[in-house]
Amino acid sequence: MKIKTIPSILTAALVCLELAGCMSTDLKPSEMPSVTEPQGTSAQASLEAPATAEEKQSSEAYSEDVQKRAIKLLAHMTAEEKAGQLVLGRFPEENAAQDAQELHLGGYTLFARDFENMTPESFTAQMEDIQSVVPLGLLFAVDEEGGSVVRVSKFPQYRDEKFPAQSQVLESGGVDGVSADAAAKSALLRSLGLNMNLAPVCDLPRSSEDYIADRAFGTDCAEVSAAVKAAVGSYVRSGVVCTLKHFPGYGDNSDTHTGISIDERPMSELDSLDLEPFRAGISAGAPVVMVSHNIVKCVNESLPGSLSPEMYTLLRDELGFSGVIMTDDLSMGAVEEYCGEDEAAVTAFLAGADLLCCTDYQSAVKSLTEAVDSGKITEERLDESVMRILEMKLGYGIIE
């Protein structure tokens, strides 16, 4: 299979954002990339010193080229094609290629069932076959966090041992270990034709008893922020799209998979603690941030974060994030208590989301297309999000 690589100039551009620490090379041969990686010697050298004027100029020229290519692609897309790009669907048990082609999907999220009964070779061939029928390239995303949330490495045909929990990696290896861990995950995903990891977890639990604690790096704000920065830098250099989650941070709140979680913390606490790891990840060049379904009362006292315009404003205006904002899965219980998944897709998009994580992706695309046709979603608003998605895909080599 042909593994798409991130263009070398993009690596330099993102290196300008991430100047802390090089990727550890202390990896087992089976964990190393099987293709030429963009974090080669020149990139590593760039990490040891500020970017030169020539590198900055090259990165600016590359960004302009990506933008021009995205504008050209956008100009030839129909409303239905644009609506499809907004949806990251649940990978189906059948007709994945047909659905991706007919619905113009932005991508798929894969879970453990999609890997369990496959070999690395058969899985990779499947990904290649599906990618071959779509002109705009698909995001193939997984939750390969480590520890209790692993979709690929839990099966021995893909890796001898599953990836350890984020906290274990940080405790045992520090930020260099975090960087090496992200590189190993990237190498595995890329070898299988996957291009997006829904990690790292940036939440800051208050104690080891909190719901999110076993998935987080730890409870110390400075240590977690440094770990997030290291992980993002490693993903960027490896050419895998990473995702900061779950904005604005779970803290000590409960699980939203089964119902509503209400966050009573004041903005002063969020700003001084929970937002710091996200700031670190954004400064390191993270391309995607995932918004949670928690009702954060100091932001919007009545709506889940994923449906709240104020939450997206916080991320865009206060944290200065200009990349792709995605929702957590809109089929989760916390959203269902407010509206159905179809309505949630349109509501979340109008609130400010770019990429919508949907289990029932067929209905989501239909609802979004109808909202565009009726004028509920304006062409200007639609193009804004599709441009961000296209630019990310072009930048990461998902669209060639």
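This is a predicted model: local features need pLDDT of at least 70, side-chain atom pairs count only at pLDDT 80 or more; totals for chains, interfaces and linings use all residues.
Residues are numbered from 1 along each chain as its sequence is written, and side-chain values use heavy atoms, with hydrogens and water left out.

The peptide bond that leads from lysine 245 to histidine 246 is cis, with omega near 5 degrees. A cis bond is also found from phenylalanine 247 to proline 248, again with omega near 5 degrees, and proline 248 itself is placed in the loop between β5 and β6 (262-263).

## Phenylalanine 247 and the nonpolar core

The largest nonpolar core has 115 residues, and those with the most contacts inside it are Leu194, Phe247 and Leu356; such a core is a set of buried Ala, Val, Leu, Ile, Met, Phe, Trp, Tyr and Cys residues joined through side-chain atoms within 4.5 Å. Helix α9 (residues 221-238) gives the largest share of this core, nine residues.

## Salt bridges

A search of the whole structure finds 22 salt bridges, each defined as a side-chain nitrogen of Lys or Arg within 4 Å of a carboxyl oxygen of Asp or Glu. In one of them glutamate 145 pairs with lysine 245, with the closest N and O atoms 2.7 Å apart. Glutamate 145 counts as buried at 1% relative accessibility, and lysine 245 is buried with a relative accessible area of 1%, where buried means under 20% relative accessible area, exposed over 50%, and partly exposed in between (1.4 Å probe, protein chains only). Both residues belong to a network of salt bridges that links Asp143, Glu145, Arg151, Arg215 and Lys245.

Another salt bridge joins glutamate 379 to lysine 82, with the closest N and O atoms 4.0 Å apart. Glutamate 379 lies in helix α15 (residues 379-395) and lysine 82 in helix α4 (residues 79-85), so this pair ties together parts that are 297 residues apart in sequence. Glutamate 379 is exposed, with a relative accessible area of 55%, whereas lysine 82 counts as buried at 6% relative accessibility.

## Strand β1 and its neighbours

Strand β1 (residues 87-90) runs parallel to strand β10 (residues 356-358), and three bridges join them; two strands pair if DSSP finds at least two bridges between them. Within this pairing, glycine 89 stands opposite cysteine 358. β1 also pairs in the parallel sense with strand β2 (residues 107-110), over three bridges, and leucine 88 has glycine 107 in β2 as its bridge partner.

β1, helix α5 (residues 96-103) and β2 make a right-handed β-α-β unit, meaning that, with the strands pointing away from the viewer, the path from the first strand over the helix to the second runs clockwise. In the loop between β1 and α5 is asparagine 95, which has a positive phi of about 65 degrees although it is not a glycine. Histidine 104, in the loop between α5 and β2, likewise has a positive phi, near 60 degrees. Asparagine 95 is partly exposed at 43%, and histidine 104 is partly exposed at 22%.

## Aromatic pairs

The count comes to six aromatic pairs, where rings of Phe, Tyr and Trp (its six-membered ring) pair if their centres lie within 6.5 Å, and planes under 30 degrees apart count as stacked, over 60 as edge-to-face and the rest as tilted. The rings of tyrosine 108 and tyrosine 361 have centres 5.8 Å apart and planes at 75 degrees, so this pair is edge-to-face. Tyrosine 108 is in strand β2 and tyrosine 361 in helix α14 (residues 361-374), 253 residues apart, and both are buried.

The rings of phenylalanine 247 and phenylalanine 278 have centres 5.2 Å apart and planes at 85 degrees, so they too form an edge-to-face pair. Phenylalanine 247 lies in β5 and phenylalanine 278 in helix α10 (residues 267-283), so the pair ties together parts that are 31 residues apart in sequence.

Conventions:
Helices (H or I, at least four residues) and strands (E, at least two) are DSSP runs, numbered from the N terminus.
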